[in-house]
Amino acid sequence: MNLILGDSSYDISDAASALINGNLVAFPTETVYGLGASATNSIAVKRIFSVKERPISHPLIVHISSVEMIETWSGTVPEYVFKLAQDFWPGPLTVILNRSEIAGELITGGSKSIGIRVPGHPIAIKLLKKFESLGGLGIAAPSANRFGAVSATAACDVLEEIGHLLSENDRVIDGGRCEIGIESTILDCTGKNPYILRLGAVTETMILKSLNIKKLAKSSSSNQSHPGSLEKHYQPKAKVVLNVQPLEGDGFIAMEGIKTPDGVFRLFSPSNLNLFAKGLYSSFREADKMNLKRIVVIVPEGGDFALAIKERLIKASS
Ligand code: TXA
Ligand code: MG
């Protein structure tokens, strides 16, 4: 059984048809790989939840090819969202909006809102365009990993995580390693003032500048489905410990300038924050392949994007 496709137009058509016919397609985005289904096909969407073993109350992000599709999914889009779309789409920003009728109970986890994103990866855009040309309205796609585990940043990660749960009509498109490596920024835009639910490569500073405002609103704790409400996430099998002196036999992840203590396995030594994010999850996977019991990570410092990395590390170590 060969599930893997490349980026030829034949392969993209095959994947788009698979989606239209109610199958699952894992595809690359610039952040992490997504496990996609036609967002209006409830049987296919249900399979996403069962493959991932994801609680049904946990909403999915709908991916669209351009901002023009946004009003299909939300009837009340604040004006400032169009400015954000202009500045950051296609790209690593998900906006949460009040949902339209089409956005059903299932993809929204029963909530009144919907997450929407135009991804920046050329394969994702080609797939979405083809899918929409065949009548599709959007691809619902969470990260292509088991619930609570480490996101997949390469096609081989997807196959290792969930390959055995896919059927012969499902597909995995190989688009190489994801450029960013951590999930998109999630911005709640259901009110007059937006607020960040999950940090990512589109940073608070960038959002403030785009909207020409001084401050974002404060996150409301009543939104139970938001990503910040999960304490544990992004967890490999090995225990992740932050900012301690590693012991013999531990895995060790730190910026390039930090020396490797004796007797530990240096998993990763990126020279900058972008590379840190890009390789973090694959170095977690590497540790699990080596059957390491513990990974010590020295949390990188320096600006908004470091905070996005730190948010993942805190949940991974929780
Ligand atoms: O970068 C990304 O965003 C990737 C790629 C594939 O696009 N997707 C991704 O999806 O990370 P997922 O399902 O693994 O994480 C999405 C998060 C979840 O924690 C979910 O609770 C939150 O977004 N979310 C989705 N819809 C929401 C909504 N309507 N209100 C609040 N949170 C929502
Ligand atoms: Mg996820």
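## Exercises on a predicted model

In this predicted model, helix H4 (residues 79-88) and helix H7 (residues 204-211) have axes that come within 10 Å and cross at roughly 120°.

**Exercise 1.** Work out how H4 is oriented relative to H7, and which residues meet.

*Solution.* Start with the angle: roughly 120°. Next comes the hand, and the crossing of H4 and H7 is right-handed. Now look at the side of H4: Tyr-80, Lys-83, Leu-84, Asp-87 and Phe-88 meet Met-206, Ile-207, Ser-210 and Leu-211 of H7. Sorted by class, that contact has six nonpolar, one polar and two charged residues.

**Exercise 2.** Find the strands at the edges of the open sheet, then see what lies across it.

*Solution.* First, get the order: four strands run S11-S14-S12-S13, with parallel pairing. Strand S11 (239-242) and strand S13 (265-268) each have a single partner strand, so they stand at the edges with one side lacking a neighbour in the sheet. From one strand to the next, the twist averages 30°. Zoom in on S11: four bridges join it to strand S14 (residues 294-297), and Val-240 has Ile-295 as its bridge partner in S14. Finally, helix H8 (residues 273-289) lies across S11, S12, S13 and S14, running at about 135° to S13.

**Exercise 3.** Is Ser-17 buried, partly exposed or exposed?

*Solution.* Locate Ser-17 in helix H1 (residues 9-20). Its relative accessible area is 30%; buried needs under 20% and exposed over 50%, so Ser-17 is partly exposed.

Technical notes
Residues are numbered from 1 along each chain as its sequence is written. Chains are lettered from A and ligands numbered from 1 in the order in which they are written. This is a predicted model: local features need pLDDT of at least 70, side-chain atom pairs count only at pLDDT 80 or more; totals for chains, interfaces and linings use all residues. Side-chain values use heavy atoms; hydrogens and water are left out. Helices (H or I, at least four residues) and strands (E, at least two) are DSSP runs, numbered from the N terminus. Buried means under 20% relative accessible area, exposed over 50%, partly exposed in between (1.4 Å probe, protein chains only). Axes are lines fitted to C-alpha atoms, for helices over the stretch in contact, and angles run from 0 to 180 degrees between N-to-C directions. Angles under 35 degrees count as roughly parallel, over 145 as roughly antiparallel, 65 to 115 as roughly perpendicular and the rest as oblique. A crossing is left-handed if the near helix is turned anticlockwise from the far one by less than a right angle, and right-handed if clockwise. Contact means heavy atoms within 4.5 Å. Ala, Val, Leu, Ile, Met, Phe, Trp, Tyr, Cys and Pro count as nonpolar, Asp, Glu, Lys and Arg as charged, and the others, Gly among them, as polar. Two strands pair if DSSP finds at least two bridges between them.
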